[in-house]
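Please examine the sequence and the structure shown below. The paragraphs that follow lead through them step by step.

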Amino acid sequence: MSIKSPESNWFKPPEGSERLWVGVALVWCMVMFLAMPYWHFKGKQNSTGESYAVTPAEFQKRVNRFVETNKVGEKNGIPVVEPSPGGDAYLMGQMWRWYPILKLKEGQTYRLHISSVDLQHGFSVLPININFQVLPGYDHVLTLTPTSKGIFQVICNEFCGIGHHLMTGQIIVE
Amino acid sequence: MGNFLEGRYRTCNTTGLPVCLDAQFFIKAHAVAAVVFFLIGAIAALLIALTRWSAVHLLPAMWFYRVLTLHGLNMLIFWIISFEIAILYFAGTSLLNSRLFSRKVAWVAYVLMVVGALMVDYIVLIGKGDVLMTSYPPLKAHPLFYLGIIFFAVGTLIAVFNFFATVYIARRDKTYEGSMPLVAYGALAAAIIAVVTLLHGATVMIPSFLWSLGLVEHIDAGWYRLVWWGLGHPSQQINVAAMVAVWYFMATLTTGAKPLNETVCRAAFVFYILFINLASAHHLLVDPGLNASWKIWNTSYAMYLAVLASMIHGFTVPASIEVAQRLKGFTRGIFNWLTSAPWGDPGFASIFLSIVIFGFIGGITGVTLGTEQINIIAHNTLRIPGHFHATVVGGTTLAFMGLTYYVVPLIFQRDFYFKKWARVQPYIFASGVVLLSLGMSFAGSYGVPRRHWDVNFTGAPLSAGFDAAAHFFLGVLGIGGILAFTGALIFIVLTVLAVFFGKSIAGQPFHGWQPAEKFKLSMEIFSRKKDEKFEQIAHKVPGTVVLVFVLLISFMVYYFANWKALADVWWVR
C-alpha cells in the first residue's frame, strides 16, 4: 500500500482492466520501437551520424579549397559556391556565420560536410525545419537531397555566444 | 517497532504517521532552500518569457543568456533536487517508521548543497558563467561554476547515502513488517537513479573543472555531450520517479486511494531504474559520431520499457482514486467518481492536473520527439522546452506544490493564510504551464530555435525570420509564462507566509483543505483490507479506462502526424 506496508500476499499478476491496459501499452511500445528500424531501411530521412575526425584548422583548409574551386558568384560579399551533383560540399560553422552560401540542384544528392571551427553550433534549415548538431573536431557528413526549390535560410540553433542570433547562412536550390 | 531515540520523535496528529524530529528539521531546511531557488528560477522565467515573446523582447542579449543560465540551473537542479532530498528524508523515516540515520551527515550534505548552489548563482550573476545550463565546451565558465555544481552534486550524493543508510537501519531494526510501502519504494527508485545520474555528473564536471583551471588541455565536445546528458536527462528521471511517488502519496492522503496491484506498480518502478538512464541519447539523436543502432536502442529506453512504466503509473494512480471514490458511494455513471473528487483541495487538484499535463502533453511529446528520425524536425527547436516544461513544470513542480500544501501543516505545523487563493492556485499555474508549453511546441514546429535571443535575426548579414503564425505562438508562450509566474508567486507567497508567520497548529489535526469527516472516511477506506468488493470494483474501472484510451488515441494521432511531417522534408542520411 502506498503509505503502509502491503499485505504479505501482494505478489500477483494484474487482472481485469489493468491487465488489458498493460497489454495494450506494451503492444504500442513495440510498435513505436519497430518504427525506427523500419524507417532506417525504408525511410528517406535518417540520422546516421556518419562523421570523421578533423581539426578545425584542417577543416577550414578544406572549406577554402572547396570555395576556390567551385565559386560561381558572390552575395553581400559572401561567396556563392556550387558543388557538382553527387560530389562533396562543405559548410563551416563559425562565430557568427555559416560559410559559404551553397547553390544546389533539386533532386541531386550531395555529401555535405559540416563542422565548426570554434564552438558547438546547430545546423537548422528554414523553413523546411531540418536540424543537425555541429561539433568542433567532427566532420559531420550528411548525404543530402534537396527535394524543393527556393532560397533557404540556415540559422544556428545551438547557443554560441552573444552574437548567436547573427549567425545565418543560405542554401539556394534550383 | 520504531527505532526512534528518546524524545526525538512525535506522532502526526493528522495522519498518525511517526515523525522523526531530526528528519523533520532537515525536511524543513531543504524545503525552504528549495522554495528560495524556485523563487530565483521563477523570476528568471518571467524575464525569459517576456523576451521570447517577440513583441515585447524585454532583455538585452547578454542578460537574456545570463538569466537563461540562472533559470535552468535553479529550476532543473537546485529547486527540484533540494525538494527531492526533503521527500527522501520523509519517505525514509515516516513511512518506514525509522529515525534518520545521521544528523551530522545530513548537515554536511545540506551545507554542501546550499553553498554549491549559491556559488553557481553568484558566478552566473557576475557574468562569469554565460554558458547556459549545459556548459557545452569549448564554451568555458569560471572554475567556481564547475566547482559549485560539483559541491551540489556531492552534497546530494551524501544526502542520498543518508537515505540509504536510513533504509538499512530500518530494515535491520525491523521497524516495519513485510515489504516497504510503495511510496518509500518509489523514493528508493528515485534515489538509485540519482546515484547513477550524479556519477555521470562527477565524470563530466571534474575534468571540466580541471580544464577551466588550465590543468587539462582539451575536452572533446562529443564526449562531453554524451556524458553530460547522462546527468542532464536522467536527472529528470529522478523527478519522474519522485513525482510518481508523490502521486501515490497524495492520492492516498486526499482520497484514501491505494494501488490496485502492488506487483504492477513496483515492476514499473524497477523499469525506471533499469532503463531510464539510456535516455542520455535523447539530446544526441542528430549528433555526429553516434550510429543509428546506438541511437535507436538508447532513445527508446530499450524498446520503450520506461515509457511502458509511465503508462502503467498513468493508469494505476487514477484507477486507485476511482476505486476509493466508488467505495465511498460515488458509483453513478462513468465519471461521477471524478466529478465528486475533492477539487477544492489544492493537494488533490495539483496532482490530478499534474498527471494530466504530464501524460497528455509531456509524455506524448517526449516520446515523439525522442523518436530517432523525428528528432530531425525537432532538435534544438522550441519543441524541446515545450515538452519538458510539461513534464518538469506541469508534472513534477505542480505535484511538489500539491505536496507542499500538506508539508507545511503536517511537518512545519503551521496553518496557511488566504486558503481560497491556495485552492485556485493549482488551476492558475496549470493553465499557465499548458499555454506556455503549447506556445513553445507550436512555435517550435515552425523551426523557431530554443535558447535564442532574437528570432528576427536583426543585423545578421543574410536575413532570416519566421512568419506571423510563429510569432503568434511566441505570444501564447509569453502569456502562458505570465500566468504560470502568477501561479508560482501565489504559491511562494502563501508558503512563505505560512512557514514564517503562520499560526502554529502543533498538537492539533489539520483539516484545512477537506472537512474532518471526509478525511476520516478516506482513511477508513484506505485502511480496509482488500476484500471481495474492492477486487470487484478494481477489476473494472470504466472511467480510468476511458481516460487512458483517450490518451492512447491522442498519442497515436500526434505520433503518426509527426512521421508524416518528417516524410515531407528533404532526403537526408
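**How the two chains meet**

Between them, chain B and chain A bury about 8,800 Å², of which 66% lies on carbon and sulfur atoms; buried area is the accessible area (1.4 Å probe) that two parts lose on being put together, summed over both. On the side of chain B, Leu462(B), Trp570(B) and Arg573(B) lose the most area to chain A, together 13% of what that side buries. This is a predicted model, in which local features need pLDDT of at least 70 and side-chain atom pairs count only at pLDDT 80 or more, while totals for chains, interfaces and linings use all residues. Residues are numbered from 1 along each chain as its sequence is written, chains are lettered from A and ligands numbered from 1 in the order in which they are written, and side-chain values use heavy atoms, with hydrogens and water left out.

The contact (heavy atoms within 4.5 Å) involves 110 residues from chain B and 83 residues from chain A. Side chains of opposite charge can pair when their charged atoms come close. A salt bridge is a side-chain nitrogen of Lys or Arg within 4 Å of a carboxyl oxygen of Asp or Glu, and two are found across this interface. In one salt bridge, Arg225(B) meets Glu158(A) at 3.8 Å, N to O. Helix 18 (residues 542-567) of chain B supplies the largest share of the side that touches chain A, 11 residues; helices (H or I, at least four residues) and strands (E, at least two) are DSSP runs, numbered from the N terminus.

Strand 10 (residues 138-145) of chain A and strand 3 (residues 571-572) of chain B pair in the antiparallel sense over two bridges. Here Leu144(A) stands opposite Val572(B).

**Within the chains**

Over all chains, the whole structure holds 21 salt bridges. Within chain A, Lys105(A) and Glu82(A) form a salt bridge at 2.8 Å, N to O. This pair links distant parts of the chain, 23 residues apart: Lys105(A) lies in the loop between strand 6 (101-104) and strand 7 (110-116), and Glu82(A) in the loop between strand 3 (78-81) and strand 4 (88-94).

Most residues other than glycine have a negative phi, and most peptide bonds are trans. Which bond to Pro127(A) is cis? The peptide bond from Leu126(A) is cis, with omega near 0°. In chain B, Pro137(B) and Pro138(B) are joined by a cis peptide bond with omega of about 5°. His57(B), although not a glycine, has a positive phi of about 45°.

Notes
Two strands pair if DSSP finds at least two bridges between them.
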